Amino acid sequence: MTHHLRELCRGIEPPSQRDSGAKRAEVALPGSAVALLPDGHSRIQSALNPAGVEAAGIENLFWWMVAGTTVVWLGVMALTWHSVRTHPESFNRRREAFIIVGCGAILPTVVLSILLVFGLSALPGLVAPAPSGSLKVVVSGEMWWWRVRYEPAEGQPIILANEIHLPVGEPVQFLLESDNVIHSFWIPSLAGKMDLIPGRTTRLAVTPTKTGLFRGVCAEYCGTSHALMKFDVVVEEKEEFNRWLAHQATPAAPPDNPLAQRGEKQFLANGCGACHTVRGTNAAGVVGPDLTHLGSRLSIAAASWPNDSAHLRRWIADSDKIKPGAYMPKFDMLRSDDVNAMAVYLKGLK
Amino acid sequence: MIRNWFKVASAEGSGDARSLLRHWILPITVFCVALGIVGVLVAASGVIPIKASSGHWAITRWFLQFSKERSVATHTLGLKAPPLDDRSLILKGAGHYEIGCRPCHGSPELHHPRIAHSMEPVPPYLPDTVTRWKPEELFYMVKHGIKFTGMPAWPAQQRDDEVWAVVAFLLAFPELDAEEYQQLVKGASRTTQQHESLTALEPGTSTIVVESCAPCHGLGGNGRELAAFPRIAGQRAEYTAESLKAYARGDRHSGIMEPIAAGISSERIQQLAQYYEQQKPASPAAARDRTTSAIERGQTIAHEGIPDKDVPACVDCHGPGETPRNRNYPLLAGQYAEYLTLQLTLFQQHQRGGTAYSHLMLRVSAGLNQQQIDDVAQYYSSLSSPVAR
């Protein structure tokens, strides 16, 4: 319970501070996805801005906890005040015994018991699986990015990366896996966090209630670039979501301009397909993220950088500087016009 | 006065050992400091000869020899030689001996080359002395060199495997006569029959091919039958040229190849890389212990990688396949399995180095275990070499 509280408290900071924090991030990481966002979106990663049934329950619990502990705190302060103000000549044994037992033992026990029962009663709802037939999304924690696999009721699974779209108002069943180290899957605005544990599949049910863009993060230290292991979450209307998913399931369209065509050739010639899949081409690697529709994503490098050809170019040539320890090797030995062509090709994979 | 001092000393000494000690501390210290000052003055005066022509005093020679033997013995405690009676290892060591060692240590035809004969100490003709050393001790001396003798350290300290190859040759050296020695170090290349495509090369480049490349890699680039040397026939010229430049810069580590590559100009490197690309790869050599099941396992790794271990497929860079690839990536089909195994092992140990592309292999190789390395090497060696694209 306290663990949860501590996590939740991270979201509480005065708006002014939060804004300056966002600005700081912009200065330090000019390409940070924060810079992409129009004003008013600075709360995309806040547990106090719930946009899902589960997050709303947790926020509710949080405020009850704050209220309950405030009562206990006020009681303790009142006792302290009373004890220093009481003169020996006016000391009344019965009255003091009543105060000590009443405020020191009975009041906290009652308040904390109520909070405990209240908190525990919230648990079953949070750990319950989504109703059968719900949309199933398998998320694997990689180092340091997210492999996302939509498993529609009929048809082939659709393998994507670092961006999750959800239909508003429908429960979704996340199945969480890892084959390397422990990660933790957390979309503060939608639900609580859930660990990804090697050798196990953990579950998390989420029911988004508001459309919009939200930010998910890895909430368990998992190595050098843990802090850059993020993902975008888009909650949208059902029809829009269906259109998106159907498009993501299609193979990549062949590049339609000479520069992008050259980029595709370079992409294949330099062996990028050993790690990455671009459906519809020979590139079928599964070590790194699927890039079939990379150009349609909101950001690159696990929501670390904006998705444009300039940043793609820097990512290809200098991956390690952008994401220390990244498994993706840098390709700074390639001719810069070849790298540029590849960036244009990848950005064109809508 | 001095006599007086001795008298006092002996009188005191008979009574109290501690005061005797105290009495002697000062004179001994003064003596040592004075000795040091005199030594520096003598050296500064320049009268000590450092000329090699006059040799050492007998006692100096004995002391240096004694120190060397003791140091080598102590520093090789716990070192264990790998199996060295391997023909391909001997061949590899022989190729380097001819270029790197013979100028000082001689050959069966000329035990003491004239210039080296005037060194102090004179570099020994090794068949006379190798039997006095253990293989581990030879390894230590070849790898680290010997101070004050002119014996250099191995140019690539990362490559113990090459040092062991030289040791393997040294152990076989005493058995060789002049003819066998020539056969071993130069192979068929010494018959200098003109390879038809050699005549198309500039004379300077064809000389380099005949004298520097062919003794080990063959005039046709197919190596020496045994897996001692990689096959370079048909290899993409860009890869060969960039590798030679990396050797020359010391970026790819090899005590054998670095000195050779460093002596070739970059124009000549381009020419001989193109010459070898045009050579026809011979039919693949059968690896030792080749098995069908290993080749099948290797094929799966080469074409699909090992996703669980983050090992990508080999074919996306190295072929075989129809997609045109970057010509800086080496073709592997038909290469000696032993060579491929060694390269992957060196990549795993971060000891290989290479061209500007070589870092791509560090994470790739990290996920492979020994068996998987052997399997994938066997798969590639079982393929017939394609013509480079």
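In the predicted model, D179(A) touches P198(A) and D308(B), when residues up to four places away in sequence are not counted; two residues are taken to be in contact if their C-beta atoms, placed from the backbone, lie within 7 Å. D179(A) lies in the loop between β5 and β6 (183-186) of chain A, where strands (E, at least two residues) and helices (H or I, at least four residues) are DSSP runs numbered from the N terminus. With 15 other C-beta atoms within 10 Å, D179(A) is partly exposed, a class that falls between buried (20 or more other C-beta atoms within 10 Å of the residue's own) and exposed (12 or fewer), with C-beta atoms placed from the backbone. The C-alpha atoms of D179(A) and S140(A) are separated by 7.9 Å, although these residues are 39 apart along the chain.

The contact between the chains draws 15 residues from chain A and 18 residues from chain B. On the side of chain A that touches chain B, the residues comprise 9 nonpolar, 5 polar and 1 charged, with Ala, Val, Leu, Ile, Met, Phe, Trp, Tyr, Cys and Pro counted as nonpolar, Asp, Glu, Lys and Arg as charged, and the others, Gly among them, as polar.

Strand β5 of chain A also belongs to an open sheet of 5 strands in the order β3-β2-β1-β5-β8, with mixed pairing; two strands pair if DSSP finds at least two bridges between them. The edge strands, each pairing on one side only, are β3 (158-161) and β8 (202-206) of chain A. Strand β5 (residues 172-178) of chain A is joined to β8(A) by 5 bridges, and the two run antiparallel; Q173(A) stands opposite A205(A) in β8(A).

In chain B, helix α6 (residues 135-144) packs against helix α7 (residues 160-172) at an angle of about 125 degrees, with their axes 9 Å apart; axes are lines fitted to C-alpha atoms, for helices over the stretch in contact, and angles run from 0 to 180 degrees between N-to-C directions. The helices α6(B) and α7(B) are therefore oblique to each other, since angles under 35 degrees count as roughly parallel, over 145 as roughly antiparallel, 65 to 115 as roughly perpendicular and the rest as oblique. The residues of the contact of α6(B) with α7(B) divide into 10 nonpolar, no polar and 2 charged.

Residues are numbered from 1 along each chain as its sequence is written, and chains are lettered from A and ligands numbered from 1 in the order in which they are written. As this is a predicted model, local features need pLDDT of at least 70 and side-chain atom pairs count only at pLDDT 80 or more, whereas totals for chains, interfaces and linings use all residues.
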